[in-house]
Amino acid sequence: MKKLLPYFLLLFFPLVSFGQAKNYRALADTAFNRHEYYTAAYYYKHIADGTTDEPKSNVPRSSAVKKISSKKAETNQYIIYRLAESYRLYKDYTDATIWYAQLAKEAPTAQYPLIPLWYGICLQANGKYNEALVQLKQFAGNAPDPQYAALAKKEIISCEYALKQLEHPRAVDVSALVFLNKDQGDYALTVNLGRYWFTSSRLVDKDKFYTNRVYSSAILDSTKALATNFNAFDKEGQIEYATPALDGTGTRMYLTRWYKKNGKTVSAIYFSQLVNSIWQQPVRLNNTVNAEGYNSKHPFVSADGRRLFFSSDRPGGEGGDDIWESNLDDAGQPKTVSNLGDAVNTAYDEQSPYYDQADKVLFFSSNGFTGMGGFDVYRSEGDFGRWSAPVNLGYPVNSSKDDLYYSLDPTNPNKFYLSSARGSDCCLSLFTGQYKFLYISGRVIDCRTNGGMAGARVILKDPDVKMGWAVKVTDAKGDYVFQVKEKLPRYKLEISQKGYFTKVIPAPIVKPGIDTLINPEICLQNYKIDVQITIENIYFDFGNAHLRSESFDTLDKLVAIMNDNPKIKIELGSHTDGIGTDAANMKLSQARAEACVDYLLLQGIKSARITARGYGKRMPVAPNKLPNGKDNPAGRQLNRRTTFTVKSAE
């Protein structure tokens with residue numbers, strides 16, 4: 001979990017002269033090795049600034065300043081590298097980028113091979129995706145280790161995904177909850193019985209340290225957020241607690257409690273009950289959830305108080321923090337525990353679960369799937385061990401920074417709450433979002449009559465998903481309309497009606513605020529089994545079967561019909577006028593039909609679905625001669641035609 005960075009340490013750091021740099025290095029290295037990266041950054045930064053009278057961006061370079069010895073240059077590079085690493089590891093990506101940028105120009109690749117990787121990831125976190133791609137691709141081509149190469153490739157895919165998301169954002173407004181945020185670490189907000197519940201590390205009264213506590217406030221008076229009093233629990237020093245999750249009665253709370261031990265965070269999930277309007281001292285859940293020697297955190301309890309979702313690094317998962325589930329007894333204690341499996345969990349970290357029981361949708365955050373950067377929020381549909389592949393909620397729900405603790409408003413299904421580090425170099429803040437709807441609408445008509453077609457089936461599809469997202473049936477006028485939450489360039493509509501060719505087209509999306517009565521017309525062409533349909537604009541050179549290029553557009557439309565109607569089998573026929581012998585016309589028409597079939601085969605249509613047949617001059621649709629015996633050019637032109645016939649549709 002992300003906590004406030006220990007800025008209070010600055011109040012206790014002694015000022016020293018540049019001559020004490022060696023002492024600072026020892027302090028910095030010790031803090032770094034203990035994973036106290038903010039403290040380490042303070043000391044490394046002092047050393048970096050103290051190596052020269054110039055500003056930090058101009059720390060001496062071995063290639064530019066001859067007076068700096070190679071040993072001194074190596075020392076400078078070590079300090080700057082550790083400084084950049086310290087900033088990155090406590091997620092101050094802005095400052096980390098400054099120092100990685102300098103190292104990328106001057107540090108020896110053999111000694112610091114990971115610089116392009118970390119530099120690229122920091123650029124990604126700052127939303128500079130194109131610049132990040134340059135660094136990540138450079139690293140991926142020369143990665144010293146398969147593990148780091150895999151990480152670079154994963155982040156390259158994420159950067160490319162993020163750039164597409166910025167082009168096609170979801171229709172949602174995301175804004176900060178300014179009346180609750182105190183800019184000192186505010187996160188994990190949920191709503192229960194008309195009250196906000198969240199975590200904050202703000203200073204209270206005579207606090208000397210920033211400590212995470214659970215807060216609540218009435219929604220109608222949200223400017224007054226009060227720390228929850230857990231009786232004697234508050235008196236245990238630097239033990240911290242956070243991420244409140246309440247059942248539907250509002251009398252049972254599950255929360256995370258943690259403390260530092262030998263530089264490591266030790267966390268577990270606790271349980272508190274509301275008795276006579278007083279929250280009792282939290283009790284540690286049993287080992288079913290809190291496995292000894294491992295961390296459990298981020299609880300979510302169902303409204304009926306029977307199911308607990310949480311995150312843990314305990315054995316039996318996919319790696320890192322995984323999402324787990326437990327059944328609870330009448331007293332609120334865990335009875336069982338199970339991992340949600342590899343559909344949801346990755347070798348990286350999955351955290352902050354929230355389960356929508358009504359729609360059977362799990363929301364959670366992960367840094368193991370393709371995303372915008374850092375932790376992104378995902379959704380997975382399912383229940384009791386069966387979960388669909390997670391779907392990223394996209395931009396602007398997710399950002400280039402960490403996005404966690406997604407929860408829904410119980411009174412408004414289109415409203416949600418989110419904790420995000422966007423706009424910050426250190427801390428999570430509280431945000432709310434409101435989905436706006438886009439509209440996909442249109443009218444289906446008959447290609448022959450131009451009349452509206454009632455009862456046509458319209459399926460909204462995503463080619464990346466096997467099943468359609470939604471189905472509509474056109475009304476008496478042939479109209480249909482869908483509501484969607486995001487504009488995806490890949491949306492498709494599959495429109496079908498019995499006796500008509502199915503058509504698949506890109507979905508016409510209408511934005512909010514635009515008249516949704518603008519209905520693009522889509523016509524369907526009817527057919528009957530064994531009835532020929534003439535194809536217009538198919539041309540051959542005179543007297544032979546050479547297919548002219550101006551015919552390709554028409555044949556491409558036939559390819560689309562075949563692709564949209566994968567079950568139909570057709571016959572492609574060719575007809576000639578009455579000039580010439582029957583044998584010559586049969587031979588010519590067969591060759592022309594085969595030329596059209598060959599074109600379709602080149603476009604990927606299977607040969608078993610097409611038959612070529614030449615009819616010669618045996619099936620005229622107009623007289624080749626006038627009643628007076630003279631030539632009839634208009635009639636002969638009608639007879640020179642290409643047809644297709646549906647032979648079967650099943």
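Let's start in the middle of things: the largest nonpolar core has 49 residues, and the members that touch the most other members are Tyr44, Tyr81, Tyr100, Leu103, Leu117 and Trp118.

**More on the cores**

**Aromatic pairs**
- Searching the whole structure turns up 29 aromatic pairs.
- In one of them, the rings of Phe32 and Tyr44 have centres 6.4 Å apart and planes at 70 degrees, so this pair counts as edge-to-face.
- This pair ties together distant parts of the chain, with Phe32 sitting in helix α1 and Tyr44 in helix α2, 12 residues apart.
- Phe32 counts as buried because its relative accessibility is 13%, and Tyr44 counts as buried because its value is 0%.
- Phe416 and Tyr435 make a tilted pair, at 5.2 Å from centre to centre and with 45 degrees between the planes.
- Here the link is between strands: Phe416 belongs to β21 (residues 412–420) and Tyr435 to β22 (residues 429–435), 19 residues apart.
- Phe416 and Tyr435 are both buried.
- The two also belong to one aromatic cluster, made up of Phe300, Tyr354, Phe363, Tyr406, Phe416 and Tyr435.

**A four-stranded sheet**
- An open sheet is built from 4 strands in the order β25-β24-β27-β28, with antiparallel pairing.
- At the edges you'll find β25 (470–473) and β28 (503–506), each of which pairs on one side only.
- From one strand to the next, the twist averages 20 degrees.
- β24 (residues 457–461) pairs with β25 in the antiparallel sense over 4 bridges, and Leu460 stands opposite Ala470 in β25.

**How confident is the prediction?**
- The protein chain has a mean pLDDT of 88, and 88% of its residues reach 70 or more.
- Residues 1–19 have pLDDT below 50, and the model gives this stretch 48 contacts beyond near neighbours in sequence.
- Residues 51–68 also stay under 50, with 27 contacts in the model beyond four places in sequence.

Note on methods
Residues are numbered from 1 along each chain as its sequence is written. This is a predicted model: local features need pLDDT of at least 70, side-chain atom pairs count only at pLDDT 80 or more; totals for chains, interfaces and linings use all residues. Side-chain values use heavy atoms; hydrogens and water are left out. A nonpolar core is a set of buried Ala, Val, Leu, Ile, Met, Phe, Trp, Tyr and Cys residues joined through side-chain atoms within 4.5 Å. Buried means under 20% relative accessible area, exposed over 50%, partly exposed in between (1.4 Å probe, protein chains only). Two strands pair if DSSP finds at least two bridges between them. Helices (H or I, at least four residues) and strands (E, at least two) are DSSP runs, numbered from the N terminus. Axes are lines fitted to C-alpha atoms, for helices over the stretch in contact, and angles run from 0 to 180 degrees between N-to-C directions. pLDDT is the predictor's confidence in each residue, from 0 to 100. Contact means heavy atoms within 4.5 Å. Rings of Phe, Tyr and Trp (its six-membered ring) pair if their centres lie within 6.5 Å; planes under 30 degrees apart count as stacked, over 60 as edge-to-face and the rest as tilted.
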